[in-house]
Structure formats: structure tokens, C-alpha cells
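Hi,

Here is the structure I promised to pass on. Have a look at it first, then read my notes below.

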Amino acid sequence: MTGKDIGFVAALVALAVFIWVRDLTWVSAAGDALPILAALPIFVWLGKPWRFQKDSPPRSIAAIALAAAGFVVGVVTELTIVLALSWTWLLWTWLRSRLSSDSLPAVRKLLVLPLLAFPWITLDGQWIGWCFRLSAAWAVAHLFALMGFGVVQNGTNLLVQGLPISVEAACSGLNTLQSMLIAGSMLAFIFLGQQRNFWWNLPGLIALAWIANTVRIITLVVASLTISPEFSQGMFHTWGAWLVLVLMFLLCSALFAMQRARPTPAATAA
């Protein structure tokens with residue numbers, strides 16, 4: 001790496017720190033937010049070997065200007081997702097000017113990881129948590145009704161066999177959603193990184209995350225009905241986040257393994 005590269009990397013680090021400290025709302029859920037920083041080391045690990053060119057074309061001034069404009073828009077609108085997109089674009093601007101051409105297709109697919117390395121879901125996506133809660137409550141209510149239980153649903157509140165169940169914000173899966181998306185993106189690249197259908201699977205990660213979180217809520221309801229509400233709200237509830245991550249790994253691994261076992265004629269490193 002040249003002196004200019006070191007300067008560019010230093011600027012990226014400084015901007016990343018700025019994005020994280022600009023709004024410290026995530027500190028209240030630091031235990032869930034900080035682990036998403038693992039997306040950057042995972043990005044570096046999966047992108048190996050990093051083949052930098054000795055001579056490279058100058059970086060696009062237009063691309064850098066676009067990133068700068070994105071940062072301005074992100075600060076003005078206070079949208080962390082815009083800042084994260086701008087930072088990721090700036091990273092890509094640097095990498096595509098320095099890496100050998102044969103490395104670029106794989107690195108381009110991995111850019112979803114740097115994008116997920118900032119707490120934009122926690123800061124900007126509270127509506128996502130509400131959608132997860134409401135839809136999960138609806139699914140749980142209908143599932144238990146089909147099994148013959150007496151169920152009444154009122155928004156995110158359920159009454160199952162006379163037992164009140166509230167799908168609260170902590171049950172939305174919002175705090176672990178980004179970690180699940182990082183895990184799913186990593187597995188998608190490992191299993192499908194050489195196939196075109198890699199891109200089609202990324203939107204499906206949200207559905208898999210919803211399924212994993214809804215299974216967690218179903219498990220909590222079953223624990224409340226069969227053992228006690230106190231049990232389901234104790235350590236069993238605390239370890240539920242880990243259950244969701246494990247389920248996400250299992251769901252993604254099974255889905256991607258099946259697709260890799262049946263490669264399509266279009267399977268390339270595009």
C-alpha cells in the first residue's frame with residue numbers, strides 16, 4: 001500500500017467512527033449493536049487474498065464527490081443508512097481503483113458486509129421492528145388457533161388460553177436483525193459466492209430472519225403455557241437471542257446448501 005492508500009484508509013476509519021458516534025442512541029442496546037462491527041473483519045477475511053496493483057488509475061473524482069454529497073445528505077436528514085451507503089461507496093471507490101480486476105467481482109458481492117457494519121437498523125428502522133412484532137403476533141395467533149387453542153389478538157397483544165402474551169419491542173428481533181443479516185450474508189457468499197443467484201438470496205435473508213424470530217416467539221409461548229410465564233421471561237427469554245442466531249445459521253445453511261447442490265447453467269463468478 002502506498003502513502004495515499006494509508007491516507008485514504010485513515011479517512012475511512014475517521015468517517016466510520018463519526019457515523020458510530022454521531023447518534024449514540026444505540027448505546028442502550030450496545031450488547032446487540034457492537035457485535036455488528038464483526039462485519040468488517042468478516043469482509044476482510046472473505047475477500048482474501050487482497051491483490052493490490054502496483055500501478056493503478058487515478059480515483060474517480062466524480063465518485064468521491066458523490067460520496068461526499070451522500071454524507072452531507074445523511075447528516076442533514078439524520079439518516080444513518082444514507083451515511084452507511086456513502087461510506088460503503090467510498091470504500092468501493094478506493095478498492096476498485098487499487099485491486100486487480102479478477103478480485104473485483106467477489107469484493108463487489110461482499111460490499112453488503114461493510115454496509116451492515118453500521119447501526120442503521122437500530123437508529124433508522126424502528127418501523128421494521130413494529131412490522132416484525134405485528135406480523136409475528138398475527139402468525140402466532142393463527143398457528144395456535146389452528147391447533148385448537150383459544151386465541152384473541154389485539155395488535156401485538158395475545159390472549160392464549162387465557163394467558164396474556166405481549167410481543168413487546170424486545171421480541172421484535174430488531175436488535176439482532178442486523179447480526180442475522182451479517183451471518184446470512186456471510187453464509188450466502190461461502191455457499192453461493194460463485195453463482196449468479198447469490199444476489200437473489202440477499203432479500204430472502206429478511207424473510208429467514210423473520211421466520212427465526214417468529215419461531216423464538218412461538219417457543220416462548222409454548223414455554224409459558226407448559227411450564228410457567230416466569231420461566232419464559234427469565235433466562236429462557238434472555239438466551240432467546242442466541243436461539244434466533246442459531247436458527248438463522250441453520251436455515252441459511254440448509255437453503256444455500258440445497259442451491260449449491262443444484263447449480264444452474266448460469267453459475268459464474270459474475
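**Ser 86 and its surroundings**

A polar atom in the side chain of Ser 86 lies 3.5 Å from the backbone nitrogen of Phe 71. Before I go on, please keep in mind that this is a predicted model. Ser 86 sits in helix α5, which covers residues 80-98. Is Ser 86 buried or exposed? Its relative accessible area is 6%, so Ser 86 is buried, given that buried means under 20%. If you set aside the neighbours within four places in sequence, Ser 86 is in contact with Ala 67, Gly 70 and Phe 71.

How accessible is Thr 80? Its relative accessibility is 0%, so Thr 80 counts as buried. The side chain of Thr 80 has a polar contact, at 2.9 Å, with the side chain of Arg 22. Leaving out residues up to four places away in sequence, Thr 80 touches Ile 19, Arg 22, Pro 119, Trp 120, Leu 123 and Asp 124.

**The hairpin**

Next, have a look at strands β2 (residues 157-160) and β3, which run antiparallel and are joined by four bridges. Asn 157 stands opposite Ser 166 in β3. Two residues lie between the strands of this hairpin, and Gln 161 takes a positive phi near 55 degrees.

Which residues of β3 are on its covered face? They are Leu 163 and Ile 165, while Pro 164 and Ser 166 are on the uncovered face. In a regular strand, side chains alternate between the two faces of the sheet.

**Helix α11**

Helix α11 takes in residues 198-226, which is 29 residues. At 1.5 Å a residue the helix should span 42 Å, and its end C-alpha atoms are 41 Å apart, so the two values agree. There is also a kink of about 35 degrees in α11, centred on Gly 204.

**The protein overall**

The protein has 14 helices and three strands. Of its 270 residues, 44% are buried. Among contacts with a separation of 6 or more, 75% are between residues 24 or more positions apart. The accessible surface comes to about 13,700 Å², and carbon and sulfur atoms account for 72% of that.

Over to you!

Technical notes:
Residues are numbered from 1 along each chain as its sequence is written. This is a predicted model: local features need pLDDT of at least 70, side-chain atom pairs count only at pLDDT 80 or more; totals for chains, interfaces and linings use all residues. Side-chain values use heavy atoms; hydrogens and water are left out. Buried means under 20% relative accessible area, exposed over 50%, partly exposed in between (1.4 Å probe, protein chains only). A polar contact is a pair of N or O atoms within 3.5 Å; within protein, one must be able to donate a hydrogen and the other to accept it, and residues adjacent in sequence count only if both atoms are side-chain atoms. Contact means heavy atoms within 4.5 Å. Two strands pair if DSSP finds at least two bridges between them. The expected span of a helix is 1.5 Å times one less than its number of residues. The bend at a residue is the angle between axes fitted to the seven residues ending there and the seven starting there. Accessible areas come from the Shrake-Rupley method with a 1.4 Å probe; for residues, only the protein chains shown count as cover.
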